Amino acid sequence: MTTFELIKQMPYSAEVVFEQLCHMERYVESMKNIERLTVFTRTENAAQTQWEAVLDGRKIMWSEEDTYDKEAHKIAYRLIEGDFSEMAGSWCVEDVEDGCTVTLNVSFAFGIPMLAMFVEPILKRKLEENS
């Protein structure tokens with residue numbers, strides 16, 4: 001399994017950034033490799049989403065369950081089904097002196113080791129580019 005963490009400082013409050021992160025359907029506007037993102041269900045504390053992305057010409061698809069913790073400014077997500085054999089992670093947003101810190105944690109694996117050898121480095125690079 002590959003684990004990835006990205007930390008970025010932003011000049012906004014944690015509350016403002018967290019609210020933006022909760023609107024996942026907007027990710028297609030800023031993440032170039034996400035072709036489609038559909039929100040199937042949404043409640044105050046959770047959502048189920050389906051994603052289609054292209055990574056260096058390879059299409060990958062998955063569905064995930066997203067759980068929102070508004071008090072902690074955290075979104076946890078986990079794979080329901082898709083091209084990954086395993087996938088889970090979180091977005092954490094914390095207030096700091098000049099804005100907030102956003103931490104993205106992702107753990108993922110593909111069920112086919114040969115495929116993973118090629119796709120996992122590409123996926124890590126795309127996460128860095130889009131975050």
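Tutor: Let's start with a word we'll need: a residue is buried when its relative accessible area is under 20%. In this predicted model, buried residues make up 41% of the 131 residues in the protein.

Student: Okay, what makes H73 count as buried?

Tutor: Set its value against the cut-off: H73 has 17% relative accessibility, and buried means under 20%, so H73 counts as buried. It's a loop residue, sitting between β4 (58-69) and β5 (74-82).

Student: Which residues does A46 contact, leaving aside its neighbours within four places in sequence?

Tutor: T41, D66, T67 and Y68. Contact takes heavy atoms within 4.5 Å. As for C22, its C-alpha atom is separated from that of A46 by 9.3 Å, and the two residues are 24 apart along the chain.

Student: C22 belongs to helix α1, residues 14-22. Which residues of that helix are buried?

Tutor: A14, V17, F18, L21 and C22.

Student: How do you know that they are on the same side of α1?

Tutor: They cover an arc of only 140 degrees around the axis, which puts them on the same side of α1. The general rule is that an α-helix has 3.6 residues a turn, so residues three or four places apart point the same way.

Student: What makes a set of residues a nonpolar core?

Tutor: The members must be buried, come from a list of residue types such as Leu, Ile, Phe and Trp, and be joined through side-chain atoms within 4.5 Å. The largest one here has 32 residues, and L21, Y27, W62, I75, F84 and W91 have the most contacts inside it. Elements that each supply at least two residues of this core include β1 (2-10), α1, β2 (34-42) and β7 (99-109).

Student: What does I75 touch, not counting residues up to four places away in sequence?

Tutor: Among them are F18, L21 and C22, along with D66, T67, Y68 and W91.

Key:
Residues numbered from 1 in each chain as written. Predicted model: local features only at pLDDT ≥ 70, side-chain atom pairs only at ≥ 80, totals over all residues. Heavy atoms only, no water. Buried < 20%, exposed > 50% of the residue type's maximum accessible area, 1.4 Å probe, protein only. Helix = DSSP H or I, 4+ residues; strand = E, 2+ residues; numbered from the N terminus. Arc of directions from axis to C-beta.
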